[in-house]
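Thanks for making time this morning. I would like to walk you through one structure, so please have a look at it while I talk.

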Amino acid sequence: MFEWLTQRFRKPKIGTDLLDHIRSTGKCPDCRDGTLLVGPEGGSAINVRCAVCKSEFNIGYAFGEPYSVERI
């Protein structure tokens with residue numbers, strides 16, 4: 001009955017779920033709507049923050065593709 005509600009507020013828990021969501025949509029994996037704003041960069045990693053829910057992530061990039069995601 002409330003399946004849409006649980007899907008809307010479900011937060012990916014592990015890195016592969018986060019990575020898959022960011023690769024497929026480019027949006028925040030927590031709120032599913034927010035644009036990811038780029039923050040400080042260093043080496044092959046970029047810190048991003050959601051414009052809506054303010055969740056923060058560290059995304060590792062190689063050859064223009066994300067290969068790892070961690071919550072900050």
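Predicted model: local features only at pLDDT ≥ 70, side-chain atom pairs only at ≥ 80, totals over all residues.

C53 is partly exposed, with a relative accessible area of 31%, where partly exposed covers the range between buried, under 20% relative accessible area, and exposed, over 50%, using a 1.4 Å probe and protein chains only. Residues are numbered from 1 along each chain as its sequence is written, and side-chain values use heavy atoms, with hydrogens and water left out.

Staying with the cysteines, the structure holds zero disulfides, a disulfide being a pair of cysteine sulfur atoms within 2.5 Å. C53 is in no disulfide, and the nearest cysteine sulfur to it, that of C50, is 3.7 Å away. C28 is in no disulfide either, its nearest cysteine sulfur being that of C53, at 3.7 Å, and C28 counts as buried because its relative accessibility is 0%.

C28 and C50 also belong to the largest nonpolar core, which has 12 residues, including L18, I22, V48, F57 and V69; such a core is a set of buried Ala, Val, Leu, Ile, Met, Phe, Trp, Tyr and Cys residues joined through side-chain atoms within 4.5 Å. The elements that give two or more residues to this core are α2, β2 and β3 (56-62), with helices (H or I, at least four residues) and strands (E, at least two) taken as DSSP runs numbered from the N terminus.

Turning to the sheet, four strands form an open sheet in the order β1-β2-β3-β4, with antiparallel pairing, and two strands pair if DSSP finds at least two bridges between them. The edge strands, each pairing on one side only, are β1 (36-42) and β4 (65-71). Between β1 and β2 (residues 45-50) there are five bridges in the antiparallel sense, and the bridge partner of L36 in β2 is C50.

Finally, which residue forms a salt bridge with R71? The partner is D30, with the closest N and O atoms 2.9 Å apart, a salt bridge being a side-chain nitrogen of Lys or Arg within 4 Å of a carboxyl oxygen of Asp or Glu. R71 lies in strand β4 and D30 in the loop between α2 (15-25) and β1, so the pair ties together parts that are 41 residues apart in sequence. At 40% relative accessibility R71 counts as partly exposed, whereas D30, at 6%, counts as buried.
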